Amino acid sequence: DDSLYKAMKKAGRSFIGTALTIRNETREGEIIKQEFNSFTPENSMKWESTEPSRNNFTFEDADRYAAYAKKNNLQIHCHNLVWHSQLPEWVSNGGFDNKTLISIMENHIKTLVTRYKSVCTRWDVVNEALNDNGTYRSSVWYDTIGEAFLPIAFRLANKYDNKAKLFYNDYNLEYNDNKTVAAKNIVKLIKSYGVKINGVGYQAHLASEVTPTAPGPAPDQKTLEAALHATADEGVDVVYTEIDVRMNTPATAEKLAVQAATYERIAASCLAVKRCIGMTVWGISDKYSWIPGVFTGEGAALIWDENYNKKPAYNGFLEGI
Ligand code: XIL
């Protein structure tokens, strides 16, 4: 019987994961048990969920995910520590000076990383610091601290948990263009401070056809491999962290076949690169995918349909492993 993570382990890699929102859907628990050995909490560890006001930490929700991992013997890709989005106003509009903002960052990182020490297999330390053209994104972090916010965040994460694997994570790194080069430069920057970075997460929010919001259909396999190599060749692991392959809805049999081929080459590109240790899909069923809510008119992006039936994309993904 098929199992994504067992196939991945047979191939000598570490994990296949899913984004997880714990909800009342028995099929999800069954599918996780059969197919996955890792998950990423979809929202529960983000700043707005864990420190909604200054130094007031709320862990009821995040703790359920830590317990879920322990109970089911799953890896957790913890997500995330420093990001411009889902960041409460008290941070983004607080008007803090450099020194104060760094102390706020330290308090947040220290509290989360310490609480989930020996629970988090990996941490996304910094999420989405780049614009699509490869320049730094304007954010409270960059605008106040400058690019040093990256090495500072990684240094602090390592200070409070020196075992978790520390990742830089971003989207549209799969095209092997200026943004990919910028991610490689982030790896070099962090290392130039004498600070540890273990990996780069390629979100892989991709599409199987041209859509209003996708730069184009997902890159061909050679491009995907070259994009992974761009950072892996700097001596770090690489992971596809948030895979989904959206299309203009409604789906047709023909479109689902193209999507299956896309999933297959994403998986195959990971397997072709030694340092690609795992892949996470951004949810189980199309029923709960974030895509239709954010990209109007697009969807059907995951590998199980709204009724938890395997789509052609499931087989494509498995084939690629
Ligand atoms: C998304 C979640 O899936 C949604 O539930 C939430 O409303 C918004 O965030 N990049 C990331 C993820 O790093 O955290 C985002 O997750 C998707 C884009």
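The notes go from the whole chain down to single residues.

**Ground rules.** I am working with a predicted model: local features need pLDDT of at least 70, side-chain atom pairs count only at pLDDT 80 or more, and totals for chains, interfaces and linings use all residues. I number residues from 1 along each chain as its sequence is written.

**Overall build.** I found 13 helices and ten strands. Helices (H or I, at least four residues) and strands (E, at least two) are DSSP runs, numbered from the N terminus. The radius of gyration, taken over C-alpha atoms, is 19 Å, close to the 20 Å from the globule rule for 321 residues, so the protein is as compact as a globular protein of that length. That rule is 2.2 Å times the number of residues to the power 0.38. Along the principal axes, the C-alpha atoms fill a box of roughly 55 × 40 × 40 Å.

**Burial and contacts.** I get 48% of the 321 residues as buried. Buried takes 20 or more other C-beta atoms within 10 Å of the residue's own, exposed 12 or fewer, and partly exposed lies in between, with C-beta atoms placed from the backbone. Among contacts between residues at least 6 apart in sequence, 74% join residues at least 24 apart. A contact needs C-beta atoms, placed from the backbone, within 7 Å.

**Strand E4.** I checked residues 122-127 next. Six of the six are buried, so E4 is largely enclosed by the rest of the structure. Pairing requires at least two DSSP bridges. Trp-123 is the bridge partner of Cys-78 and stands opposite Leu-166 in E5.

**Helix H13.** Which residues of H13 (residues 312-320) are buried? I list Ala-313, Tyr-314, Gly-316, Phe-317, Leu-318 and Gly-320. Their cover includes helix H1 (4-10), strand E8 (237-248) and helix H11 (253-271).

**Ligand shell.** Around the ligand I find Glu-42, Asn-43, Asn-127, Gln-203, Glu-242 and Trp-290. The criterion is a C-beta atom, placed from the backbone, within 6 Å. By class, the shell has one nonpolar, three polar and two charged residues.

**Gln-34.** This residue lies in helix H2 (residues 26-35). I count Gln-34 as partly exposed, because 13 other C-beta atoms lie within 10 Å. Its C-alpha atom is 26 Å from that of Asn-80, 46 residues apart along the chain.

Note on methods
Contact = placed C-beta atoms within 7 Å. Nonpolar A, V, L, I, M, F, W, Y, C, P; charged D, E, K, R; others polar.
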